[in-house]
Amino acid sequence: MGSERPRYWFPLALLGFAQLTVVALSVGTGPVDYTAYGNGGLLGSVHSVEMSREAVSAVSVIGMSRMDDWLFAVFAVYLGTVLFYAFRSKRLPWWKVLAIALGGLVAIALADLVGYWELDMDGDARSAILVTLGLVLLAWLDRSVLVLVVAAAFVLCAVVLAQGQLALVLSSLVALAGAFAALLSRPKTAAEET
């Protein structure tokens with residue numbers, strides 16, 4: 001087997017970069033003034049166009065009040081993690097990987113709906129809690145104290161200390177710091193893995 005770095009660096013890095021992508025995609029969803037581009041043609045008759053988050057995000061259209069693309073980032077991080085672990089293990093048949101991926105996506109969607117309908121939580125808090133539960137599950141599966149610490153710091157940054165884009169930036173920095181700490185950690189030897 002040889003020595004191997006912890007595998008949980010990838011889901012942590014993927015989570016951090018996915019959150020930064022959500023922040024980048026949510027920038028510029030405010031009002032746009034087209035009069036700055038000239039007064040000729042069709043744009044001359046349009047003074048301003050209000051681009052709301054409901055027009056940009058399919059999740060917000062149904063009234064779930066969440067920062068643009070948060071739930072899609074959660075889905076992408078989950079799928080990326082499943083595929084990464086399946087590729088690294090090379091023991092699971094494709095149909096089991098597909099069943100795990102689809103089952104997890106359905107579970108995430110149902111948990112999100114329960115948080116919305118039954119617990120009346122806002123979208124950003126629901127997504128942060130879903131990610132935190134995913135991190136706790138990852139910590140349990142990999143028997144990692146580092147991932148458990150990242151999960152605690154993640155929920156502290158994403159739910160308790162900040163809201164909106166600041167919460168996403170802070171919690172993404174926590175996830176990326178955890179990924180770097182995992183990459184810099186001492187590789188496990190074959191004797192330690194048993």
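Ala158 has a relative accessible area of 12% and is therefore buried, where buried means under 20% relative accessible area, exposed means over 50% and partly exposed lies in between, computed with a 1.4 Å probe on protein chains only. The model is a predicted one, in which local features need pLDDT of at least 70 and side-chain atom pairs count only at pLDDT 80 or more, whereas totals for chains, interfaces and linings use all residues. Residues are numbered from 1 along each chain as its sequence is written, and side-chain values use heavy atoms, with hydrogens and water left out.

Ala158 sits in helix α8; helices (H or I, at least four residues) and strands (E, at least two) are DSSP runs, numbered from the N terminus. Leaving out residues up to four places away in sequence, Ala158 touches Ala128, Ala167 and Ser171, a contact being heavy atoms within 4.5 Å. Between the C-alpha atoms of Ala158 and Leu170, which are twelve residues apart in sequence, there are 7.2 Å. Ala152 is also placed in helix α8, but with 47% relative accessibility Ala152 counts as partly exposed. The C-alpha atom of Ala152 lies 9.1 Å from that of Leu135, and the two residues are 17 apart along the chain.

The wider chain can now be set around this helix. The protein chain contains ten helices and two strands, and when read along the sequence they follow the pattern α-β-α-β-α-α-α-α-α-α-α-α. Of its 194 residues, 37% count as buried. Among the contacts in the chain with a separation of 6 or more, 66% are between residues 24 or more positions apart.

Two packed helices are described by the angle between their axes and the distance between the axes. Helix α1 (residues 9-26) packs against helix α9 (residues 164-184) at an angle of about 155°, and their axes are 8 Å apart; these axes are lines fitted to C-alpha atoms, for helices over the stretch in contact, and angles run from 0 to 180 degrees between N-to-C directions. The two helices α1 and α9 are therefore roughly antiparallel to each other, given that angles under 35 degrees count as roughly parallel, over 145 as roughly antiparallel, 65 to 115 as roughly perpendicular and the rest as oblique. The crossing in which α1 passes α9 is left-handed, a term used if the near helix is turned anticlockwise from the far one by less than a right angle, with right-handed used if it is turned clockwise. Residues making this contact include Leu12, Leu15, Gly16 and Leu20 of α1 together with Leu168, Ser172, Ala175 and Ala179 of α9. By class, the residues of the contact of α1 with α9 are 15 nonpolar, seven polar and no charged, where Ala, Val, Leu, Ile, Met, Phe, Trp, Tyr, Cys and Pro count as nonpolar, Asp, Glu, Lys and Arg as charged, and the others, Gly among them, as polar.

Helix α1 also packs against α5, with axes that come within 9 Å and cross at roughly 155°, so α1 and α5 are likewise roughly antiparallel to each other. Here, however, α1 passes α5 in a right-handed crossing. Among the residues in contact are Trp9, Phe10, Leu14 and Leu15 of α1 and Trp70, Val77, Gly80 and Phe84 of α5, and the classes come to 13 nonpolar, three polar and no charged residues.

Beyond its neighbours within four places, Val74 is in contact with Ile108, Ser127 and Val131.

Which residues touch the most other members of the largest nonpolar core? Of its 34 residues, they are Tyr8, Leu12, Leu15, Val131, Leu135, Val147 and Phe154, a nonpolar core being a set of buried Ala, Val, Leu, Ile, Met, Phe, Trp, Tyr and Cys residues joined through side-chain atoms within 4.5 Å. Two or more residues each are given to this core by α1, α5, α6, α7, α8 and α9, and the largest share, eight residues, comes from α5.

Two loop residues complete the picture. Lys90, in the loop between α5 (70-89) and α6 (94-117), has a positive phi near 55° although it is a residue other than glycine, and Lys90 counts as exposed at 67% relative accessibility. Arg143, in the loop between α7 (123-142) and α8 (145-161), is not a glycine either and has a positive phi of about 50°, and with a relative accessible area of 75% Arg143 is exposed.
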